[in-house]
2 protein chains.
Amino acid sequence: MKSVLVSEDHAIVRFGITTIIKDLLEPVKVVEAADFDETVRHLTEQPFDLLILDINIPGGNNLQMISAVRLRQPNIRILIFSGYDEQMFGINYIQAGADGYLEKHAPEEEIRRAIVTMAENGKYLTPGIRTRLMDHAAHHGHGSRQPVNPLLGLSGREKEVLLLLAKGISVMNISRALNLQVTTVSTYKSRIFEKLNISNVIELAEMVRLYSN
Amino acid sequence: MKSVLVSEDHAIVRFGITTIIKDLLEPVKVVEAADFDETVRHLTEQPFDLLILDINIPGGNNLQMISAVRLRQPNIRILIFSGYDEQMFGINYIQAGADGYLEKHAPEEEIRRAIVTMAENGKYLTPGIRTRLMDHAAHHGHGSRQPVNPLLGLSGREKEVLLLLAKGISVMNISRALNLQVTTVSTYKSRIFEKLNISNVIELAEMVRLYSN
DNA sequence: ACGGTTTGTAGTAATAGTTCGACATTCCAG
DNA sequence: CTGGAATGTCGAACTATTACTACAAACCGT
């Protein structure tokens, strides 16, 4: 009998996922966890075939979750279950060793497909992420399962500006601080946004928070 | 036979709610809507006893939703179903005429209780909101507890803008989303900054993260 | 019921920020 | 070594945002 661990903080979502799993995979044993500590506890206590993991789970929310899980159960299948806001980090989770990626706002059909596919092949990627992964693999090295820090792709000047922007300093004040024209700083800002594939300073601050250890 | 309309954009949540409703209220007819337009369409076509309404539903997301619903079905029971970020709007929606308020992260038990209670008495409030409503009614006396949530000092419109700003949306796009002049939104932004004593959106996002429990 | 305060909303004028194209430098893979 | 790509920098022409000011409607305390 298969066993699945569902780690997700919203009870209603957990309930939905659990119900669908039971519907699709019966006979199956489903265990639920509402935060990352609980997740780890369950992983320590018993083996699972599949882990459905919300990126935003309290106590988790970072790439190390993957290794923390793999440390306990090297062969478990990990399906990342992410909300809108995290979709840009999807690639990193896959590269960090997750086996699948599913978006929270996916239609019911896709959710079912993902669960079945994960149970059978151990792999599933939302179409969007799949193509993005391809692109990525084409450009960069291949098969390196390590998460890339997107901030490292920035040039020196760009990083300087990045940090100031992340503190909420205005373009104009940055230009004063660095003795540059406003337009120059603005150009860096655009290039940063483009390289990080974001579109506003809030996302930028979040990136910095996540990746500037 | 009771009939319920579930308006919520995430399929998985809709599925969970629908499943629970069927479990609790059988025999019952449940209809689902993924955005506000669809919601209105269903309301126009047939009568419902209960509407479970996600605040963040695409095409909705504002207090007028309540009147839009009441316009078609004056006696429908409206249960607001809100995510974290909106908890501070609870009061506004109740005051705007909703009959109940339930948080998305509520445990399954509470969700069930809310649905049954709504079906029976037509009223339900999450404990948190209930006490806050009391406080509100008890015209802010003294004996104020230490940690006051500064976000609560904002007016309704200000809070709406706040959340959008915290997502990194530009003043101009917010003005489009809310159908206001750019300058109006800018005025709100200034008032927010002043009330929260901050000076840029990064700090704003941080505040929201800290206080939007 | 009265008068101050807060809230929702804008307009005008001034300020800040973006786009895009440009150009010299510096890097880097073949 | 060499040519295309990445970097550092800017100006001109826009576009977006803010500062102030203003005013009606809602709210609130007494």
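In which sense do β1(B) and strand β2 (residues 28–33) of chain B pair, and over how many bridges? β1(B) and β2(B) run parallel and are joined over 6 bridges, where two strands pair if DSSP finds at least two bridges between them. This is a predicted model, in which local features need pLDDT of at least 70 and side-chain atom pairs count only at pLDDT 80 or more, while totals for chains, interfaces and linings use all residues. Residues are numbered from 1 along each chain as its sequence is written, chains are lettered from A and ligands numbered from 1 in the order in which they are written, and side-chain values use heavy atoms, with hydrogens and water left out.

**Interface of chain A and chain B**

- The contact (heavy atoms within 4.5 Å) takes 28 residues from chain A and 28 residues from chain B.
- About 2100 Å² is buried between the two chains, 70% of it on carbon and sulfur atoms; buried area is the accessible area (1.4 Å probe) that two parts lose on being put together, summed over both.
- On the side of chain A, the most area is lost by A:I12, A:F15 and A:I202, together 31% of what that side buries.
- The elements of chain A that give two or more residues to this side are α1 (11–25), α5 (108–121), α7 (156–166) and α10 (201–211).
- With 8 residues, α1(A) supplies the largest share of the side of chain A that touches chain B.
- By class, that side of chain A has 16 nonpolar, 6 polar and 6 charged residues; Ala, Val, Leu, Ile, Met, Phe, Trp, Tyr, Cys and Pro count as nonpolar, Asp, Glu, Lys and Arg as charged, and the others, Gly among them, as polar.

**Chain A**

- Chain A has 10 helices and 6 strands, taken as DSSP runs numbered from the N terminus (helices H or I, at least four residues; strands E, at least two).
- A:S175 is found in helix α8 (residues 171–178) of chain A and counts as buried because its relative accessibility is 5%.
- Leaving aside neighbours within four places in sequence, A:S175 is in contact with A:L180, A:Q181, A:V182 and A:V185.

**Strands of chain B**

- In strand β1 (residues 2–7) of chain B, 5 of the 6 residues are buried, so β1(B) is largely enclosed by the rest of the structure.
- B:V4 stands opposite B:V30 in β2(B).

Notes: Buried means under 20% relative accessible area, exposed over 50%, partly exposed in between (1.4 Å probe, protein chains only).
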